[in-house]
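Colleague: Could you walk me through this model? I have a few questions ready.

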Amino acid sequence: MKNQSNLAESTVIAPEVVSKKPNFITKFKTSYGPGILAVLTWLGAGDLVTSSVAGADYGYSLMWILALSLILRFLIVNVIARFQLCNTEGLTILEGYGRIHPFFGYFMFGYALIMGHLFNAYMIKGAGEVLSTLFQVNQPFLASMVVVGLVFMLIGRNIYNRIESVMKVLLALLTIAFLFLAIQATPDVGQIIKGTVGFSIPSDTGVHGALLVAISIIGAVAGSISNFVHPYFMKEKGWTKPSHLKIQRNDLLFAIGVCIVINLAIWVVGAEILKPNGIHVETIDDLAMALQMSLGQFGWYIFYLGVFGVLFASVVGKSTGFPRLIVDAFYVINKDRREKYNGKYEKDPMYKWVMIFVLVTPIIWSIPGMPGFIALTIGVNAINIIGFPVIAIGMLVLSNKKA
Amino acid sequence: MGKYRNNWFENIILTLASVLAVWSAVQLATTFFKIMVDYR
């Protein structure tokens, strides 16, 4: 099975790996639907930080924003999937955007270049902070440089497939820990329902403004560029025709259900454990307190290893996925270049230069004195909102075309 | 897209979400510049 994800946080799988006997991940890919695979790319530091900050600072009063964002995510991914399954020319959504107007090519190129830099900025910073804490060296900037160096060495190599599997196991352990804590904390169901239908923005009582947190949640969930990943997983699964519409919708509903459970669990931990103890999430260590208080040293290790797994895998994913998206967008602007390299990004020298840009330049955000990991994560996810209208308008045009 | 075009509900939600996103972006920018002015 060939990995054809363009924007995915998944990594390049070399053909020689494909021919080997199926490992756990390959078996997982063949037996589960594209929705659950998309969930693995959707969930990241953005969800972890925005949900926990919202819960710890504002209880359940911003819960309606999460509900709205998940409804929007379902709608957007469903429209993209339907476009992929039902357009008569077999175009991908990006090719479709390019057909509307060249502006979309220029926009996607610039937007993805900036967002690739900014996403990696908070992830490299976070991974450095976590690594520094795990080894107790108190050198987060140096640790961030180590992370960049490691990613640089591992990208595109077969060994990374094994490392990525370990990272996903760590992510699964972290998810189970959050679910366990959320159930143990006996969440206030009445307050959750009240917050879900509350439709109000509370006054700023937390460290981060309520509106900023709200916009950040929408950006991390509904505005996330990783929503474009789902069609590539669908293609790998063999869902390519309008007859797959029903199964695709049900699979997506299941995936959104998984998202609800995981985001809710993180939120509950923030609202029921951190808030009553007066802990505001200003650093990663504050977030670790929730697991440490309930599960002791074991919880501490699960948290830091899990968060490192999420961040490291995301840095690799973004550093391979974003250059593909950026070069793809450039091909919409410059069609001759696409023909020159036969549409194969990896052969284009531009791909490598963009990858270096996306991976190396974000290190400036790790220099001591720059905004902290939590503030950076919230800020960058909020910036997602700027690109959302353009993407949504393009989607409206594409999905309403008669032919 | 033929018969697989968006239904009215999807169009309304996508349009509203776009308007909301523009409003949010303006609010964010306004707050940001206000903070910068206060900081000076």
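Modeller: Gladly! A contact here means heavy atoms within 4.5 Å. This is a predicted model, where local features need pLDDT of at least 70, side-chain atom pairs count only at pLDDT 80 or more, and totals for chains, interfaces and linings use all residues. Residues are numbered from 1 along each chain as its sequence is written, and side-chain values use heavy atoms, with hydrogens and water left out.

Colleague: Among contacts in chain A between residues at least 6 apart in sequence, what share joins residues at least 24 apart?

Modeller: The secondary structure of chain A comprises 17 helices and zero strands, counted as DSSP runs (H or I, at least four residues, for helices; E, at least two, for strands). For contacts between residues at least 6 apart in sequence, the share joining residues at least 24 apart is 83%.

Colleague: Is A:Asn227 buried or exposed?

Modeller: A:Asn227 sits in the loop between helix H11 (210-221) and helix H12 (230-237) of chain A. Buried means under 20% relative accessible area, exposed over 50%, and partly exposed in between (1.4 Å probe, protein chains only). Because its relative accessibility is 1%, A:Asn227 counts as buried.

Colleague: Which residue's backbone oxygen does the side chain of A:Asn227 reach?

Modeller: Leaving out residues up to four places away in sequence, A:Asn227 touches several residues, including A:Trp42, A:Arg73 and A:Val221. At 3.0 Å, the backbone oxygen reached by its side chain belongs to A:Ala222.

Colleague: How many disulfides does the structure hold over all chains?

Modeller: A disulfide is a pair of cysteine sulfur atoms within 2.5 Å. A:Cys259 counts as buried because its relative accessibility is 0%. Over all chains, the number of disulfides is zero.

How values were computed:
Chains are lettered from A and ligands numbered from 1 in the order in which they are written. A polar contact is a pair of N or O atoms within 3.5 Å; within protein, one must be able to donate a hydrogen and the other to accept it, and residues adjacent in sequence count only if both atoms are side-chain atoms.
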